[in-house]
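Work through the exercises below with the sequence and the model open. Try each task before reading its solution.

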Amino acid sequence: MRILVQLCQRGKVVVDDKVVSEISHGEVVFVGFTEGDDEKTISFMIEKLLKLRIFADKEGKTNLSVFDVRGSILAISQFTLYADVRKGNRPSFVHALGHEKSKPLYDLFADLLSKRYPSCAFGIFGADMKVDFVNDGPFTILLDSQELLR
C-alpha cells in the first residue's frame, strides 16, 4: 500500500462538474494498493498517516500531526502510485491491484479512517475525478507499506 501525502491549504474533488468532496487546511492523500495488502496493512498505514508529524509548530519545525492542527484529510484512490517505468517510457501498472480487488480495500480504508478520524472527505473510486488543491509548502511525503513494515 502506498499513500502520497501532501499538505494543503484547501482541496476538492470534482466529478461531472460537481464538487463531490472538499476540505480546508489539512492533507490531500492519494492511496494505492498492491498484492498482499489487507486490513492489517491498512490499519498500520492509517496510524502512520494520522501520527505523521509534518505540520509546523510555532518555531517552524515539523512537530505537529493532522490531529494536533485539527486539519482535514481528503483521500483519493490512485492506482498510478504503483507505476513502474524501469523499462521503456510507458508506465506499467502490473504491481497495482486491479479494480475488483482494490475497491474493497479502498472502501475499508475509507471506513477505518473515518472511524479513527472523522474530519475526512473522499473521492469516488473509479470515477474520472478532477482534483484541485493548493499544496502548502510544497510538502509531499510518500508512505510505502513494503518499506515501513520490514
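**Exercise 1. A helix and its cover**

How many residues does α3 have, and what distance does it reach from its first C-alpha to its last?

*Solution.* This is a predicted model. Start with the count: α3 has 18 residues. Next take the span. From first C-alpha to last, α3 reaches 25 Å. Now compare: at 1.5 Å a residue, 26 Å is expected, and the computed span is close to that.

Then find which residues of α3 are buried. They are S102, L105, Y106, F109, A110, L112 and L113. Last, look at what covers them. The cover includes strands β1, β3, β6 and β7 (120-122), together with α1 (39-51).

**Exercise 2. A strand between partners**

Determine how β3 pairs with β1 and with β6, then decide how enclosed β3 is.

*Solution.* Strands β1 and β3 run antiparallel, joined by 7 bridges.

Turn to β6. Here the strands run parallel, and 6 bridges join β3 to β6. On the model, find V28 opposite L74 of β6.

Now check burial, with under 20% relative accessible area as the cut-off. In β3, 7 of the 7 residues are buried, so the strand is largely enclosed by the rest of the structure.

**Exercise 3. The largest pocket**

Describe the volume, the lining and the residue classes of the largest pocket.

*Solution.* Begin with volume: the largest pocket holds about 310 Å³ of space. Count the lining next. It has 18 residues, and S77, Q78, F79, G126 and M129 lie nearest the centre.

Assign the lining to elements. At least two residues each come from β3 (26-32), β6 (72-77) and α3 (99-116). Strand β3 gives the most, with 3 residues.

Finish with class. The lining has 10 nonpolar and 8 polar residues, and no charged ones.

**Exercise 4. One lining residue**

Is S77 buried or exposed, and which residues beyond its sequence neighbours does S77 contact?

*Solution.* Then apply the cut-off. Buried means under 20%. S77 has 15% relative accessibility, so S77 counts as buried.

Now list contacts, leaving aside neighbours within four places in sequence. S77 is in contact with V31, Y106, F125, G126 and M129. Link this to the earlier steps.

Methods:
Residues are numbered from 1 along each chain as its sequence is written. This is a predicted model: local features need pLDDT of at least 70, side-chain atom pairs count only at pLDDT 80 or more; totals for chains, interfaces and linings use all residues. Side-chain values use heavy atoms; hydrogens and water are left out. On a 1 Å grid over the protein atoms alone, a cavity is a set of points where a 1.4 Å probe fits but cannot get out, and a pocket is an open set with protein on both sides within 12 Å along at least five of seven lines; lining residues have an atom within 4 Å of a point. Grid points are joined across faces, edges and corners, and a volume is the space filled by probe spheres set on the points. Helices (H or I, at least four residues) and strands (E, at least two) are DSSP runs, numbered from the N terminus. Ala, Val, Leu, Ile, Met, Phe, Trp, Tyr, Cys and Pro count as nonpolar, Asp, Glu, Lys and Arg as charged, and the others, Gly among them, as polar. Buried means under 20% relative accessible area, exposed over 50%, partly exposed in between (1.4 Å probe, protein chains only). Contact means heavy atoms within 4.5 Å. Two strands pair if DSSP finds at least two bridges between them. The expected span of a helix is 1.5 Å times one less than its number of residues.
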